[in-house]
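Hello,

Here is the structure I promised to pass on. Please open it first, then read my notes below.

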Amino acid sequence: MNEYHKTAELIVQSKRVVAFTGAGISAESGIPTFRDPGGLWDQFDPDEVGTTGGLLTTAVRKPDLIRRFLLQSVEIFERAKVNPGHQGLKQLEELGFLKTVITQNIDNLHQEAGSSNVIEVHGNLFRARCMNCGRKKPLNKVELLARAKAILEKEEDFEIAKLTELLPRCPYCQGVSRPDVVMFGEPVQQLPEAFAEAENCDLMLVLGTTGLVYPAAAVPYQAYENNACIIEINPTDNYYHSISKAHISAPAGIAMPKLIDALKDLL
Ligand SMILES: [Zn+2]
């Protein structure tokens with residue numbers, strides 16, 4: 001019995017499956033991780049563009065660096081499409097097994113694939129959050145990226161202030177909004193919900209995450225402590241190897257279609 005059939009049997013025997021996903025599944029859609037050589041993070045220093053303070057300081061001192069960083073980011077998100085890993089998780093939900101996706105990604109791709117219950121511990125880039133009252137408002141991704149690109153491509157008369165026009169004023173209090181993402185050093189979101197899912201599930205699929213970014217990385221351990229079966233789907237060994245009952249050594253986009261096939265054989 002191979003790892004796919006073993007995993008499929010474990011899923012069929014379980015009552016509540018939750019997935020925990022990380023940068024690896026987004027990387028398969030073309031969104032680079034910090035560890036990818038030659039990617040965005042080889043060209044830009046996370047200290048300069050990855051924190052709110054760094055971003056503000058860099059915006060004043062090196063506006064063109066911010067412009068180039070944001071333009072490259074916009075182009076990456078425009079190109080990034082849902083991949084078979086995201087689609088497989090949606091299918092697992094349709095088959096009645098998967099209840100929730102807990103993701104560390106901010107790219108909205110699980111929702112675009114059709115997953116209906118997504119917990120985003122690092123927020124969502126395509127949602128505005130009022131800095132005054134905290135209320136959130138989903139944004140039109142395609143429109144937002146197109147408008148951002150139009151501003152960022154005008155190298156000659158680029159001003160950082162123009163980017164603030166991209167986000168709407170809060171409809172409740174007229175406060176200024178910011179993207180609803182967790183920057184380095186900021187508290188994560190929905191952590192109690194993520195831990196509640198970890199406590200209530202009896203099987204957790206861990207996909208495309210190496211388990212380095214805390215506190216989110218503690219979620220699978222919480223599930224394990226509560227006697228959930230942990231399945232690791234990752235092309236490389238990672239920190240969850242010792243707590244995993246099965247290990248599928250493949251990217252999510254390769255593994256999920258095979259796992260769905262193995263599951264359908266059992267149904
Ligand atoms: Zn507000």
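**Two packed helices**

The crossing of α6 and α9 is left-handed. Keep in mind that this is a predicted model. Helix α6 covers residues 63-79 and helix α9 covers residues 141-152. Their axes lie 10 Å apart, at an angle of about 150 degrees.

Which residues make the contact? From α6 come R67, L70, L71, V74, E75, F77 and E78. They meet K141, L145, A146, A148, K149 and L152 of α9. Eight residues of this contact are nonpolar and five are charged. None is polar.

**The sheet**

Next, look for an open sheet of six strands. Its order is β3-β2-β1-β7-β8-β9, and the pairing is parallel. Strands β3 (118-120) and β9 (244-248) form the edges, each pairing on one side only. On average, neighbouring strands in this sheet are turned by 20 degrees against each other, direction ignored.

Strand β7 spans residues 203-207 and strand β8 spans residues 229-233. Five bridges join them in the parallel sense. L203 has C229 in β8 as its bridge partner.

**The zinc site**

What holds the zinc ion? Its protein donors are the SG atoms of C130, C133, C170 and C173. They lie 2.2 to 2.4 Å from the ion. Along the sequence, the donor residues follow the spacing C-x2-C-x36-C-x2-C.

**Backbone details in the loops**

- P215: the peptide bond from Y214 to P215 is cis, with omega near 5 degrees. P215 is in the loop between β7 and α11 (219-225).
- N108: phi is near 70 degrees, a positive value in a residue other than glycine. N108 belongs to the loop between β2 (98-103) and α8 (109-113).
- Q174: phi is also positive, near 65 degrees, and this residue is not glycine either. Q174 lies in the loop between α9 and β6.

Over to you.

Best wishes

Notes:
Residues are numbered from 1 along each chain as its sequence is written. This is a predicted model: local features need pLDDT of at least 70, side-chain atom pairs count only at pLDDT 80 or more; totals for chains, interfaces and linings use all residues. Side-chain values use heavy atoms; hydrogens and water are left out. Axes are lines fitted to C-alpha atoms, for helices over the stretch in contact, and angles run from 0 to 180 degrees between N-to-C directions. Helices (H or I, at least four residues) and strands (E, at least two) are DSSP runs, numbered from the N terminus. A crossing is left-handed if the near helix is turned anticlockwise from the far one by less than a right angle, and right-handed if clockwise. Contact means heavy atoms within 4.5 Å. Ala, Val, Leu, Ile, Met, Phe, Trp, Tyr, Cys and Pro count as nonpolar, Asp, Glu, Lys and Arg as charged, and the others, Gly among them, as polar. Two strands pair if DSSP finds at least two bridges between them. Donors are N, O and S atoms within 2.8 Å of the metal (3.2 Å for Na, K and Ca); water is not among the atoms, so sites may look incomplete.
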